[in-house]
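My entries follow in the order I made them.

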Amino acid sequence: MNETAGAPVLAAVDGTEESLRALDWAADEALLRGRQLRIVYAFDWPVYRTVPAGIPDFSIEEFAHRVVEHARRRAGERAPRLRVEAEFKVGDAAPILLLEAAEAELAVLGSRG
C-alpha cells in the first residue's frame, strides 16, 4: 500500500452486491481520510472481443462500462463531495488489483465474486 498524500482508496467492483457493499465502505473511508476513491473493475474474458455464439449484440466494453458507471453513481450518491474516478481493465483480476493496490492507500474488496 502507498501512504503518500495523493494515494487513493481503491474499491474493486464486479457488479455483485458484495462488491457494492465494499464500495460503500470504501467511499465512506475515502471521505473520512480525505482521499480520492478509485474504482476498478478487472475482468478476464476468455478470448477477449469474441462474443460466444447465441449472444446477439453483446459488447464486453458496454457491459464493463455499465458496471463501472453504476459503481461511480452509487459512490457519488453515497458521498456527493467525494472525488471519484473509475475504469475497467481487461486481464486476470488478481495481478491487476495487486498493481492497483500498490498505488493506493487502502484497497477494499468484497467477500465474494
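I started with helix H3, residues 93-102, which lies across S1, S2, S3 and S4. Against S2, I read an angle of about 160° for H3. The model is a predicted one, and I keep that in mind for every entry below.

Next I looked up the sheet under that helix entry. I find 4 strands in an open sheet, in the order S3-S2-S1-S4, with parallel pairing. Strands S3 (84-90) and S4 (106-108) are at the edges with a single partner strand each, so one side of each has no neighbour in the sheet. On average, neighbouring strands of this sheet are turned by 20° against each other, direction ignored. For S1 (residues 9-12) and S2 (residues 37-43), I noted 4 bridges in the parallel sense. Val 9 has Leu 37 in S2 as its bridge partner.

I then went along the chain. It has 3 helices and 4 strands, and from the N terminus they run β-α-β-α-β-α-β. I took the contacts between residues at least 6 apart in sequence: 78% of them join residues at least 24 apart.

For burial, I have 39% of the 113 residues as buried. The accessible surface of the chain is about 6,700 Å², and carbon and sulfur atoms hold 54% of that.

Last, I went through the salt bridges, of which the structure holds 12.

I looked at Arg 33 and Glu 29, whose side chains meet at 2.7 Å, N to O. Both sit in helix H1 (residues 17-33), 4 residues apart, about one turn of the helix. Arg 33 has 36% and is partly exposed.

I also checked Arg 35 and Glu 105, which form a salt bridge at 3.3 Å, N to O. This pair links distant parts of the chain, 70 residues apart: Arg 35 is in the loop between H1 and S2, and Glu 105 is in the loop between H3 and S4. Arg 35 and Glu 105 are both buried.

In helix H2 (residues 60-78), I noted Glu 69 and Arg 72, 3 residues apart, or about one helical turn. Their closest N and O atoms are 3.2 Å apart in a salt bridge. Arg 72 is partly exposed at 28% relative accessibility.

Conventions:
Residues are numbered from 1 along each chain as its sequence is written. This is a predicted model: local features need pLDDT of at least 70, side-chain atom pairs count only at pLDDT 80 or more; totals for chains, interfaces and linings use all residues. Side-chain values use heavy atoms; hydrogens and water are left out. Helices (H or I, at least four residues) and strands (E, at least two) are DSSP runs, numbered from the N terminus. Buried means under 20% relative accessible area, exposed over 50%, partly exposed in between (1.4 Å probe, protein chains only). Contact means heavy atoms within 4.5 Å. Accessible areas come from the Shrake-Rupley method with a 1.4 Å probe; for residues, only the protein chains shown count as cover. Two strands pair if DSSP finds at least two bridges between them. Axes are lines fitted to C-alpha atoms, for helices over the stretch in contact, and angles run from 0 to 180 degrees between N-to-C directions. A salt bridge is a side-chain nitrogen of Lys or Arg within 4 Å of a carboxyl oxygen of Asp or Glu.
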